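Here is a short briefing on one protein. Look over the sequence and the structure first, then read the points below.

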Amino acid sequence: MGFLKDLATLTKQGYEMQQRMDVGATMAQAQASMEQASRMMAASMPAPVPAGGGQQFEEQRFRASAVVVDARQLPMMIGMNSIVELELHVQLPGGVPLPVTRTEQLAPLHLARVAPGAILDVSLVPGRPDSVRVEWA
């Protein structure tokens, strides 16, 4: 008898919870979470190549170094990779630092490499700060 009584109690509690549930709010929250995930994934993808001129930009790309100013792990993971927002100061030839913010997918192996003060190898196209790419290999 105890099992059936507990089952009846759980069923009653489930129906009461269902009556109080706001489906619209739950769906709105899920939609907001999906939009945030889409923005994070889009930010971690490389910038699109301009139509007809992508190769000429890649030929102009030069290597530089960047100092990690700040690294914030975002509340999202893709597989085992963490999504991390990096604030970098890229050291351009001539000594002028270029502040850049990048969102990167990082394997657990690379998380230790983005501590503040760390130096990373990067490459970029002259005059296009949006083209900064961290060279992990």
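Two residues are in contact when they have heavy atoms within 4.5 Å of each other. Take the contacts in this protein between residues at least 6 apart in sequence: 52% of them join residues at least 24 apart. The model is predicted.

**Overall build**
- The protein contains 3 helices and 5 strands.
- Along the sequence, their order is α-α-α-β-β-β-β-β.

**Surface and burial**
- The protein has 137 residues, and 26% of them are buried.
- Its accessible surface is about 9500 Å².
- Carbon and sulfur atoms account for 61% of that surface.

**A nonpolar patch**
- Which residues form a nonpolar patch on the surface? They are Phe3, Leu4 and Leu7.
- Together, these three have about 350 Å² of accessible area.
- Phenylalanine 3 sits in helix H1, which covers residues 2-20.
- Is phenylalanine 3 buried or exposed? Its relative accessible area is 63%, so phenylalanine 3 is exposed; the cut-off for exposed is over 50%.

**A strand hairpin**
- Strand S4 spans residues 119-125, and strand S5 spans residues 128-134.
- S4 and S5 run antiparallel, and 3 bridges join them.
- Valine 125 has arginine 128, in S5, as its bridge partner.
- How many residues lie between S4 and S5 in the hairpin? There are 2.
- Glycine 127 is in the turn and has a positive phi of about 80°.

Terms used:
Residues numbered from 1 in each chain as written. Predicted model: local features only at pLDDT ≥ 70, side-chain atom pairs only at ≥ 80, totals over all residues. Heavy atoms only, no water. Patch = residues over 30% accessible without salt bridge, like charges linked within 9 Å, V, L, I, M, F, W, Y side chains within 5 Å. Areas by Shrake-Rupley, 256 points an atom, 1.4 Å probe, with all protein chains shown as cover. Salt bridge = Lys/Arg side-chain N within 4 Å of Asp/Glu carboxyl O. Helix = DSSP H or I, 4+ residues; strand = E, 2+ residues; numbered from the N terminus. Buried < 20%, exposed > 50% of the residue type's maximum accessible area, 1.4 Å probe, protein only. Pairing = 2+ DSSP bridges.
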